[in-house]
Amino acid sequence: DDNLFVDLAYTKKLLDRIKPLKKYFGVQAPTTVTNDEELLVKLQQAGCYAVTVGFQSINAQVIAEAGIRQNRIEKYRDITRKLRKYNIISEGFFIFGFDNEDATAFKATAQLIKEMDLDDAILYLLTPYPGTALFTKLDKAGRIINYDWDKYSWYNCNFKPAKMTVQELEEGFHWILEELNKYYKETFLHRVWKYKHLAFQYPPLTMKIIQNYWNWIDPRALP
């Protein structure tokens, strides 16, 4: 993934150069993005309206399995709180289907997302793309169940999970999509009001954000 925050000294200089341009932009970031208050100030001043954070999972064993050393689950709520402090919309990636995960992950993740007051959740199924170490590992173990590459879309299960069935993984994934679809519609006005400042600063962007919230992904539309 692209990562603007590998060299923070460079990032801060870049944000200072972006600031006079009066642009609005969103970025992807690791969970460490909120560790530096000066960085958050510069992001806000440069026009960053949204940060998409790679939370990936709420399971410590999964985080270790994926080798995401910087993620600390106990700090997830603090990350969204700090972004909100600087009027930055918080978005988050979550992936389901790791070997150290069972069918309880879906309800637990939905609950934490609500507690975090995360403004948008981007959910994927673990996808073992051909040529990756994950694909090789699962293929050697006889766990790949589909070799139709058109189905490798982040929304289809193409392997045998370790601690649940294929059906449990797919049904759980569709459940959390439906649950969050309902949640984001129920909290729609809350989020519009929370970021009302954008309406005055950049009206076209505001309309796009409102449209995205209302049209949050419908699991019935998935392939």
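Residues are numbered from 1 along each chain as its sequence is written, and side-chain values use heavy atoms, with hydrogens and water left out. In this predicted model, local features need pLDDT of at least 70 and side-chain atom pairs count only at pLDDT 80 or more, whereas totals for chains, interfaces and linings use all residues.

The secondary structure of the protein consists of ten helices and four strands, where helices (H or I, at least four residues) and strands (E, at least two) are DSSP runs numbered from the N terminus. Read from the N terminus, the order of elements is α-β-α-β-α-α-β-α-β-α-α-α-α-α. The protein has 223 residues, and 47% of them count as buried; buried means under 20% relative accessible area, exposed over 50%, and partly exposed in between (1.4 Å probe, protein chains only). The accessible surface amounts to about 11900 Å², with 54% belonging to carbon and sulfur atoms. These areas come from the Shrake-Rupley method with a 1.4 Å probe; for residues, only the protein chains shown count as cover. Of the contacts (heavy atoms within 4.5 Å) between residues at least 6 apart in sequence, 71% join residues at least 24 apart.

Phe 96 belongs to strand S3, which spans residues 89-96. Phe 96 counts as buried because its relative accessibility is 1%. When residues up to four places away in sequence are not counted, Phe 96 touches Glu 101, Ala 105, Phe 106, Thr 109, Leu 123, Tyr 124, Leu 125, Leu 126, Leu 169, Phe 173 and Ile 176.

Side chains of opposite charge can pair when their charged atoms come close. The structure holds twelve salt bridges, each defined as a side-chain nitrogen of Lys or Arg within 4 Å of a carboxyl oxygen of Asp or Glu. One of them joins Lys 12 and Asp 36, with 2.8 Å between the closest N and O atoms. Lys 12 lies in helix H1 (residues 8-18) and Asp 36 in the loop between strand S1 (25-29) and helix H2 (37-46), so this pair ties together parts 24 residues apart in sequence. Lys 12 and Asp 36 are both buried, and together with Glu 38 they are linked in a network of salt bridges.

A further salt bridge is formed by Asp 16 and Lys 42, whose closest N and O atoms are 2.9 Å apart. This pair links distant parts of the chain, with Asp 16 in helix H1 and Lys 42 in helix H2, 26 residues apart. Asp 16 is partly exposed at a relative accessible area of 37%, while Lys 42 counts as buried at 15%.

The salt bridge between Glu 179 and Lys 182 has an N to O distance of 3.9 Å. Both residues lie in helix H7 (residues 166-186), three residues apart, about one turn of the helix. Glu 179 is buried, with a relative accessible area of 17%, and Lys 182 is partly exposed at 44%.

Asn 156 is located in the loop between helix H6 (133-140) and H7. Its relative accessible area is 13%, so Asn 156 is buried. The side chains of Asn 156 and Ser 153 are joined by a polar contact of 2.8 Å. A polar contact is a pair of N or O atoms within 3.5 Å; within protein, one must be able to donate a hydrogen and the other to accept it, and residues adjacent in sequence count only if both atoms are side-chain atoms.
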